[in-house]
Amino acid sequence: IAATQPSTNWHLKENARDHHTSKFSSKELIVRRGQAFTVTFTGTEQPEQNLTFIAETGPKPSKLAKTQATFGISSTVSKESWSAVLQSTSSNSVSISISSPPNAVIGRYKLSVQTTSSGSSSPASLGTFVLLFNPWSSGDDVFMPNKAECEEYVLEEFGIIFAGNKNHINSFGWNFGQFQGDILNICLSMLDRSLNYRQDPATDVSHRNDPKYLGRVLSAMVNANDDQGVLLGNWSGNYEGGKSPSSWIGSGEILQNWKKSGFKPVKYGQCWVFAAVLTTVLRCLGIPTRTITNFSSAHDTDGNLRVDEFYDASGNHLDRAADSIWNFHVWNESWFSRSDLGPLYSGWQVLDATPQEESGGIYQCGPASRNAIKEGDVDLDYDCPFVFAEVNADCMYWNYDTATEKKTLMFSKSTVIGQFISTKAVGKDDRVDVTNDYKYEEGSTKERDIFKKARKKLGLEDKFDPTAPTPQEINQKPDISGKFKVAGPLEVGKDLNLILVLANLQSDAKTVHLNMTAWSTVYTRRPVHEIWKDSISVTLSPREEKQFPIKISYTEYQQQLTTDNTIQVTALCHVEGGIQVLVQRDITLDNPALDIQVLGEAKVNKEVDVEVIFTNPVDTEVMDCVLQVEGNDLLRGILEIEVPPLKASEKSSTKFKLIPFETGPKHLLVNFSCDKFANIKTFKLVNVID
């Protein structure tokens, strides 16, 4: 006879506290693997020794695939398998402590109980629970011994992402929001929508105990390429039909929109958006993860550890090379052991969800062991050559004659790529530089030795490369040197003042014909609109240094600027009787400031006023002003406020109310946009008290 339906008490509060899952706002039990949790149920009229439990996950649970476990009550916890230990019994209820092995498959489980003595009765369902990775448990692949790092890389919902360029690093806040309402369910449905799951659900689920498998699958699912994943990338500078990538301030809205639309890709993402969403998903599932920004990041498409850039005679940066050097690129690091490679390669692993190159026929990247990158072990799984090139490639700058298709090397550099590699500090809002974890000191013999080792492992040093420069080209010495200096503020709304400094390195006079251009670009340095150009001829006396002031007015660049606020300035110097010299600089302009004030003390469940102040810095009216506000535990969802137009130099004050619902340090994120300024971002730390 079928047993009556038992009722289950999941001890949600106590279990969540013990398993570091209290931040999830769920009515379902969420626990971590390799650790015991308590369940009490009533309605089995059997002596407890006759109880058998069944925990199962996925569409075809099986013992062989480790997606199903049956276990009775035992006196001790097993390290290798699921087990149940009796806590207490009363006349009609049983409390038991259930433990899963530290390498259990993660995901949503059904738990049922069967009574042996009733013969063939079918098991009675106790309900469902979700099992996650456990960085607090020493047996887990994702074990992180430092508790403060667990707090930051798994439990922290606020992040800081670094951007700009190597001369001018800026940053903005991001709301990862991995514990918001429906995010865990969306993360689990991401796994069920992957190509691997569609091809073979049972096998895919059986691999979900392995962080390197999940990291790789999710790096593919965060971009829309191949699998109708979460975000559609767009680097054109035109974001019609969607939201501009720089307008997002958190992952929650993106993941919710993906689900709401019936899992249609959300428009649009660029690298930091892909990386931030992957951070949210991996932290949600319990894999310690952070975002990493690499300045002057190489995108080497052909795997020769070399990036080629082409310029025409006028100094225009030609968009003809497949390779590129991005002002910055953001990827992820996740923390787990590499049983496939050995302990030397455990620790931080690079994952990259931005769709740049295919790997195994799909746009996915990693996990690449950070130690393998540093040591030049580019033959190890997964995608090490691509990541190695991102931080180490050599740069070749060519002059390209569009009429004859002839190219001439102007110069090459081995120290440009991979600078100021940055991430947020643990427990603080500071920047930490991790460049030395990716490579030995630039210019040191050790660093060049590693580069040679990587080239050798990739079989590059023996191959004849028809596109490589000749030794004669590499060894030619320029007669002059040049650089652009900044002379004034780098702010949107103000004129851009630069000085081109040219120096004659020779002891005889040189005549130089200069072709100068300025283009607006996206942050990948892809040229979008020409802003300005000029040509001059100069004679430099022996060893003379001359300065040429350059002014690009706000009215000249205002219409052409992309939402990245980036301008590339180039001077191509044709030296009579000598080789051409390329002088260039990438400029990132800062948006005007936005000021947030919390008026009074922030207390739990009490209203508090917040004021956001913006002053229009330009001498024309700004219109279409919108303020977006979000912040975990401070407000639910996203607050959107329309701000009236502002006349020249006018100051606006926008006030709104918050009712915080948790104590502790919380971050309020604000994004302000209008017709003249795109996505001015700032954040404020709010200390909420009882």
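My entries below go from ring pairs to charges over rings and then to the pocket.

**Ground rules.** I am working from a predicted model, where local features need pLDDT of at least 70, side-chain atom pairs count only at pLDDT 80 or more, and totals for chains, interfaces and linings use all residues. I number residues from 1 along each chain as its sequence is written, and my side-chain values use heavy atoms, with hydrogens and water left out.

**Ring pairs.** I paired rings of Phe, Tyr and Trp (its six-membered ring) if their centres lie within 6.5 Å, calling planes under 30 degrees apart stacked, over 60 edge-to-face and the rest tilted. By this rule I get 30 aromatic pairs.

I looked at Trp272 and Phe328: their ring centres are 6.1 Å apart and the planes stand at 40°, so I noted the pair as tilted. Trp272 belongs to helix 8 (residues 271-285) and Phe328 to strand 17 (residues 324-336), so this pair ties together parts 56 residues apart in sequence. I took helices (H or I, at least four residues) and strands (E, at least two) as DSSP runs, numbered from the N terminus. Trp272 is buried at 4% relative accessible area, and Phe328 is buried at 6%. For me, buried means under 20% relative accessible area, exposed over 50%, and partly exposed in between (1.4 Å probe, protein chains only).

Next came Phe388 and Phe451, with centres 6.3 Å apart and planes at 25°, so that pair is stacked. It links helix 10 (residues 384-392), which holds Phe388, to helix 12 (residues 445-457), which holds Phe451, 63 residues apart.

**Charges over rings.** I counted a charge as over a ring if NZ of Lys or CZ of Arg is within 6 Å of the ring centre and within 35 degrees of the ring normal. Arg320 lies over the face of Tyr400, 4.0 Å from the ring centre. Lys446 has its charged end over the ring of Tyr440, 5.0 Å from the centre.

**The pocket.** I used a 1 Å grid over the protein atoms alone: a pocket is an open set of points where a 1.4 Å probe fits, with protein on both sides within 12 Å along at least five of seven lines, and lining residues have an atom within 4 Å of a point. The largest pocket has 34 lining residues, and Tyr397, Phe411, Lys413, Leu582 and Gln584 lie nearest its centre. Strand 30 gives the largest share of that lining, six residues.
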